[in-house]
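Have the structure open as you read.

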Amino acid sequence: MGWGTLITRRLKVFSLALFVYFDYKAVQKRVQWVSTVKKNAIWAKTHERNARRVLKLMIELEGLWVKMGQYLSTRADVLPEPYIEVLKQLQDSLPPRPLEEVCGTIEKELGKPMRQLFATFDVDPLATASIAQVHRATLEDGREVVVKVQHDGIKEIILEDLKNAKSLIEWIAWAEPQYDFNPMIDEWCKEAPKELDFNHEAENTRTVSKNLSRKTEGGSGGVSSDVDVLIPEIIQSTEKILILEYMDGIRLHDNDSLEEYGVDKKRLVEEITRAYAHQIYIDGFFNGDPHPGNFLVSKEPPHKPILLDFGLTKRISQSMKQALAKMFLSCAEGDQVALLSAFAEMGLKLRVDMPQQSMEIASIFFRQSTTATEAKENIKALNEQRERNAKALQEKMKLNKKEVKHFNPVDAFPGDAIIFMRVLNLLRGLSASLNVRIVYLDIMRPFAESTLLGSLTRGPSTNSEWIYDSPVNSEVESKLRSLLLEMGSDKILGLQVCAYKDGKVIIDTAAGTLGKYDPRPVQPDSLFPVFSVTKGITAGMVHWLVDQGKLKYEETVADIWPKFGTNKKELIKVQKLISLMLCNETRCFRILTDSFDTS
């Protein structure tokens, strides 16, 4: 590919980007002065015409742009409907490459003429994708196979497209700072070239097939983490040729055939999600490109999903696998402390301490999927949440509106987490395109628990190290610790107990772990988010005032605090008020004090 072609491709990409950008800016100004009904119609037409412009250029340029279009076409949960309807044409086959080019590549790679390699070879391709073309064939031994043939010269095109995509993303981040996708494109630039070696894809396919065929037990309560999917067997591979077992299946966008065969689309997406949860949390080796074109559905009941194309496959370390599991489970539990711990473990560094907003953003990736018909409401909700978070960030950092747009709260974003989040987004888009609602927390939870709970080293009930090593202050504390060891980690997750008598510490004990999915030990100075504790503190202060002779239990509160006597509360005594404040806490204290003699 000459310099003239490279420059032409770049000019076409940036010309269209500028054209679309200014079109939207102009419409943004225009709709300020029209009614809501007319405004919606104008936006719909704007989305459709720009989607067609984008589609036309993607088909013309092929290469990486087709893959990007395929990805965007699955995001029915966040993109306007016209874009989904237009770009999903890219999930179908592209214009085929000449047969002479295909046969030439096969003979060059395999070193034999076509007649010696295949008993039959279909002239018409099954599909033509961004990187390769697929033909059905029969080997000399009678086995039916598919032959994946890499496009001539596609390597140079893909590498050039990555450079153009990187420049485009940098320009978008400069023009609209709230849309900074640099971490994602950086990771894509690192991983995408691996798809150009079909030997790499063949080995990935064998590995994933072996991993998913293992029988495993995982999750709480012995929940099985087995998955029920099909993966074609690899027959032969070279750098540019891949021959694999033929499997007859239905494409996911062929809704008429799915209906005709009675495919349960919800169960289908759930099983695909289970397969990816297994790859991520159990194996630490997963396909990073689960767009609809990489799946088929077997025609025979129970209509199992067929997983294809393992060119873009990611391997993550054991520590990253555990950190991703902790992030998932902390979102499920609403545990902000564990979430921030997971961020630190995976190498995600924040410039600002805002745990609530961090939880909201992280939970987006694991939220229940929405159908395509709910896309507009979903986009609106996400935009409102983005505005709330921006406002909170503005107040926290004392920034003006312009400064907050340019402020990036993330200091470092790990590449492994980017591919992980891309997979979750693609799975979400898959459920939206099939118009089914999936509860990801329920499906993925057993796999994440299997990974994390299997890695924790909680002390058993007979291990004195389960209790934090600190001096024993009294006989009461010694009895307390004996009781805790007797109850053990099966009944107690983690706790802190501190008690004073006559101004001296008689108990200062910590034991257990910080959370169900956070194995760090509880220490005397560990911090916990707590609720409704001021009543106990207030009641303790009142008791102290009575001991000091400042108050009497028999006094009415209104005599001390006249405004309290409104709304028929004028007869309530101090003792009664303390009882009301401690009505919940008393139960806890009674359980503890009944267990051992405090006299």
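How many nonpolar, polar and charged residues are in the lining of the largest cavity?

## The chain as a whole

This is a predicted model. The chain has 599 residues, 46% of which count as buried, and holds 23 helices and 16 strands. Among contacts with a separation of 6 or more, 66% are between residues 24 or more positions apart. The chain exposes about 31,300 Å², and 54% of that area is supplied by carbon and sulfur atoms.

## The largest cavity

Two cavities reach 30 Å³ or more, and the largest holds about 50 Å³ of space. To find it, look for Met184, Glu187, Trp188, Leu312, Ile418, Ile419 and Arg422, which line it. Two elements, α8 (182-191) and α17 (415-433), each give two or more residues to this lining.

Now for the opening question: the lining has five nonpolar residues, two charged ones and no polar ones.

Around it you will find Arg97, Glu101, Val102, Thr105, Gln133, Val149, Gln150 and His151. Here the elements that give two or more residues are α5 (99-110) and β4 (144-150), and α5 supplies the largest share, three residues. By class, this lining divides into four polar, two nonpolar and two charged residues.

Most peptide bonds are trans, and most residues other than glycine have a negative phi. With that in mind, a few places deserve a look.

One is the loop between β9 (295-298) and β10 (305-307), where Pro302 sits. The peptide bond joining Pro301 and Pro302 is cis, with omega about 5°. His303 is found in the loop between β9 and β10 too, and its phi is positive, about 55°, although it is not a glycine. Is His303 buried or exposed? Its relative accessibility is 9%, so His303 counts as buried.

Another is Asn567, in the loop between α21 (557-560) and α22 (574-581). Asn567 also has a positive phi, near 55°, in a residue other than glycine. With 70% relative accessibility, however, Asn567 counts as exposed, because the cut-off for exposed is over 50%.

Key: Residues are numbered from 1 along each chain as its sequence is written. This is a predicted model: local features need pLDDT of at least 70, side-chain atom pairs count only at pLDDT 80 or more; totals for chains, interfaces and linings use all residues. Side-chain values use heavy atoms; hydrogens and water are left out. Helices (H or I, at least four residues) and strands (E, at least two) are DSSP runs, numbered from the N terminus. Buried means under 20% relative accessible area, exposed over 50%, partly exposed in between (1.4 Å probe, protein chains only). Contact means heavy atoms within 4.5 Å. Accessible areas come from the Shrake-Rupley method with a 1.4 Å probe; for residues, only the protein chains shown count as cover. On a 1 Å grid over the protein atoms alone, a cavity is a set of points where a 1.4 Å probe fits but cannot get out, and a pocket is an open set with protein on both sides within 12 Å along at least five of seven lines; lining residues have an atom within 4 Å of a point. Grid points are joined across faces, edges and corners, and a volume is the space filled by probe spheres set on the points. Ala, Val, Leu, Ile, Met, Phe, Trp, Tyr, Cys and Pro count as nonpolar, Asp, Glu, Lys and Arg as charged, and the others, Gly among them, as polar.
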